Amino acid sequence: MLWYYSVKKDRNFIGDARDYISSFSRACLHNFGSAHRVNIPFLIQEAAMIKNDFNYLRTSCCSLSLGKANVTHNVEEILKAVKAAVENGVSLLVLPPMAITSPFCGNLFFQNHLYNMQYAGIKSIADATRDKDITVMLNYYEKSGGKYINSLCVIQNGKISDSISIRDFDADLSEYFVDSDHNRCHKSRFIDFDRDISIGMNDDCDIQVIFDTAPYKIGKKDYYESLAKIKSGENCNVILFSGSDGILIIAGAGEILSSAYPFDENADDNGRKIVYDVDLDLTAYKKAKNRAMKPTESYNDIEILQLAFPDGDKLYRKISQSPFLPDSQEKSYRNCEEIFNIQVQKLAERIAYTNSKTSVLGISGGLDSTLALLTTVYAHDKLRKPLTDVIAITMPGFGTTDRTYQNALQMMNSLGVTSREISIVNAVKQHFSDIDHPADVHDITYENAQARERTQILMDVANRERGIVIGTGDLSEIALGWCTYNGDHMSMYGSNAGVPKTVIQEVIRWFAEEKISKSEFIQDSKVLKKALLDILSTPISPELLPPDSQGNMNQKTEDKVGPYALHDFFIYHTIRNGATPRKVLFLAKIAFDGIFDEDTIRKWLKIFYKRFFGQQFKRTCSPDSTAVGSVDLSNANWTMASDTFGDEWIDEME
C-alpha cells in the first residue's frame, strides 16, 4: 500500500513526546490506482539547501536494520541515520514506515509497554534534531478514543508536529488499526512564499513523499521505479519513496535520480540510504512549460520561514559532461538507434508528402552532411525509392582539403547514391569580380559567398530534378547561429536540426560500429566504415579559408566559437532546464573540472549567450525540421523576438 503525503505548518508543541502528539488533524483521502494520498500537518523551520539560490534541496531516504518490537535497537539505528544525514547536510530525511517498532509486531501493537517505549523513542529522535537544519518524517501509531490509529508526525529542531492518521495501513495491519475521520486537510499545503516551493499531496505540489509496507516480490522495484518516473514526469515534481522492504527511490521530472533495493551490495552498517540534491528550479521550470498541467488548485497555503541556502560546491548528484547522452555505451547506442529511426521516419514522411522524386544534399566530408546522407539513404529505402534518387553533391572550394574530399567520395560511392562533383571556385571568382571584392581578402564576404553559391547549386539542382534540398545544419549550430544567412542556413527540410553536435558524433560512431553490418544495400561496408571513422577524427571546420602550405585545413570551428562539448552542455541546461547563467557556470565547473578552468568556461559561456541572442533572426526564418529530443529551436517550437537583448544574461553570470 502506498501513501502520498502533503504537509502544512502547524503549531509548536511543548512537554513530553506524548503531549506533542496528543492532538491530531484529520486527513482527506484521494485514490490513485491502488494507492492512497493523505494530507499531513507539517512543521519545518529552515531546510538546508546548497549553493545560494540554485534551489538544490538535499533529500535522503533510508532503510534500516530494524528488529520487530526492538524499540531500543531501532531508535539507535534511527539516531545513527539522523546523525549521518546531518553530517551529509541532508535537509529532508524520510525514515522507513513504522521505523521505531517495525511494521510487523502483530498483536504486540496492543501492548502498552510497546506503545510507551515508542513515545520515549520519538522524544529521543526529537532531541537529536535540536539546533539542526534537518526535517525528519516519522511514521508511528497512536491511541485515540480507545482505538489505535496509524499516524505520521514530522520532527524538526527538537519539536514534533501535530499528527495525522493514515487510512488502510496495509492488509496485514488493518485488523490492528482503525480508520479515522477524514476531512479538510487535503486543501492545505506547506509553502515557502519567498521561493514558491510547496510540499503536498496533489499533482501540482513540488515534493511528494511515498511510504510503502508491502513485502518485496519479483519485479516490484522495476514497477515502482516506472511508477515514480511516470508520475514525477507528468506532475513535474519530486517523489521520495521509502519502503519497509528496502526499496528506496528518489525521482524528479520524469527521471529516476537515485534508487536502492534490498539486495544491493553497498549497504553500510546502518542499512542503506540514498542521498540526492533535487533541483527544484528544474521541476518549477518544467511545470511552468508544461501546457498539459492543470491550473493550480485553491489551497490553504501555510507560510513557513524562508528556506536556508548555505554556500558549498559539493553536490550529491552527478553532473554529466554530455547531458544529451546516457552514461553507459549500451544505453547511448540504443538512443542513437532511436534518434536515427526518428530522423529517417520524419524525412520519409516529408519526401512522401511533397511527392518529391529526388533528395538533394551537399556532402562536405564533415559530420553533419555525413549523418544527413545516411538518414536520407535510409528514408529512400524505407519508401522503396531507388537510392540513385539521392543526389549527393560535393562542391570543392577554396578551403577544401584532400582528406574531407576523399572521405566524401568514398562515402557516396559506398552507399550507391548518385554522386556529382561541382566546383564552386570559378563561379565564386566571377561573383567576386561582379561585386568588386578582391579575391585575396579573406573576410566574411569571402566566406559567405562560398556558402551561398553552394546553396544556390543545391536549390537549382533540386528544381531541375524534382526534388527537395535536405539541410545538414545541427542543433548546436542553430543555437549559435553558426551558419551563413540564406546560405547553409537554408534548405527545404532540416534533417539534423534537432540533434546536437556531440550526439551526431555518437550516432555516426554507432552506425559505423553496429548499424553498418546490418545493412544489406551498402555496396562496400569496409570502405564506408573506414571513411566514417576518419570523419569522426577530423577537426570540425567549414573549410572556407585556403589550407596551409602542407594542404591541411587552416580553419577550425571550435577555435572560433568554442568547444561543442561546452556549448551542448550550455544548451541543455539553459534551454531544456531553464538554468540561470550563474547556475550553468556552477554546473559546468563541476562537470568539466580538470578539463576546462573557470576562465575558459566563462569565456565560452559569454560567447554562447551573445551568439544565442544575437543570431535569433536566423532561427526565425528557418526551414521545417525534425524534432528529435526535448530541445527544439525550430520556429515552430521556439519563440523569441529577433531583437531581444541578452546583456542581462551575461551580466548575471559575471
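Over the face of which residue does Arg619 lie, and at what distance from the ring centre? Arg619 lies over the face of Phe612, at 4.3 Å from the ring centre. The structure is a predicted model. The protein has 654 residues, of which 57% are buried, and its secondary structure comes to 19 helices and 24 strands.

**Overall picture**

- The protein exposes about 27700 Å², and carbon and sulfur atoms supply 46% of that area.
- Among the contacts with a separation of 6 or more, 75% are between residues 24 or more positions apart.

**Aromatic rings**

- The structure holds 27 aromatic pairs.
- One of these pairs is Tyr378 with Phe511: the ring centres are 5.8 Å apart and the planes stand at 90°, so the pair is edge-to-face.
- Tyr378 belongs to helix H7 (residues 367-382) and Phe511 to helix H12 (residues 501-513), so the pair ties together parts that are 133 residues apart in sequence.
- Tyr378 and Phe511 are both buried.
- A cluster linked by ring pairs is made up of Phe570, Phe608, Tyr609, Phe612, Phe613, Trp638 and Trp649.
- Phe612, a member of that cluster, is also the residue whose ring face lies under Arg619.
- Lys501 lies over the face of Tyr564, with 5.0 Å to the ring centre.

**The five-stranded sheet**

- Five strands form an open sheet in the order S22-S21-S20-S23-S24, and their pairing is parallel.
- Strand S22 (418-421) and strand S24 (493-494) are the edge strands, each pairing on one side only.
- Strand S20 (residues 358-362) and strand S21 (residues 390-394) run parallel and are joined by four bridges.
- Ser359 has Val390 in S21 as its bridge partner.
- Helix H7 lies across S20, S21 and strand S23 (467-471), and runs at about 170° to S20.

- Strand S16 (residues 248-252) pairs with strand S17 (residues 255-260) in the antiparallel sense, over five bridges.
- Ile250 stands opposite Ser258, which is in S17.
- Two residues lie between the strands of this hairpin, and Ala253 takes a positive phi near 50° there.

**Positive phi in loops**

- Most residues other than glycine have a negative phi.
- Met98 is not a glycine, yet has a positive phi of about 50°.
- Met98 is found in the loop between strand S7 (92-94) and helix H3 (112-128).
- The relative accessibility of Met98 is 0%, so Met98 counts as buried.
- Asn486, which is also a residue other than glycine, has a positive phi near 60°.
- The loop that holds Asn486 runs between helix H11 (475-480) and S24, and S24 is an edge strand of the five-stranded sheet.
- Asn486 has 46% relative accessibility and therefore counts as partly exposed.

**A residue pair apart in sequence**

- Glu349 lies in helix H6 (residues 329-353).
- The relative accessible area of Glu349 is 38%, so Glu349 is partly exposed.
- Glu349 and Leu383 are separated by 34 residues in sequence, and their C-alpha atoms are 8.9 Å apart in space.

Technical notes: Residues are numbered from 1 along each chain as its sequence is written. This is a predicted model: local features need pLDDT of at least 70, side-chain atom pairs count only at pLDDT 80 or more; totals for chains, interfaces and linings use all residues. Side-chain values use heavy atoms; hydrogens and water are left out. Rings of Phe, Tyr and Trp (its six-membered ring) pair if their centres lie within 6.5 Å; planes under 30 degrees apart count as stacked, over 60 as edge-to-face and the rest as tilted. Buried means under 20% relative accessible area, exposed over 50%, partly exposed in between (1.4 Å probe, protein chains only). A charge sits over a ring if NZ of Lys or CZ of Arg is within 6 Å of the ring centre and within 35 degrees of the ring normal. Two strands pair if DSSP finds at least two bridges between them. Contact means heavy atoms within 4.5 Å. Axes are lines fitted to C-alpha atoms, for helices over the stretch in contact, and angles run from 0 to 180 degrees between N-to-C directions. Accessible areas come from the Shrake-Rupley method with a 1.4 Å probe; for residues, only the protein chains shown count as cover.
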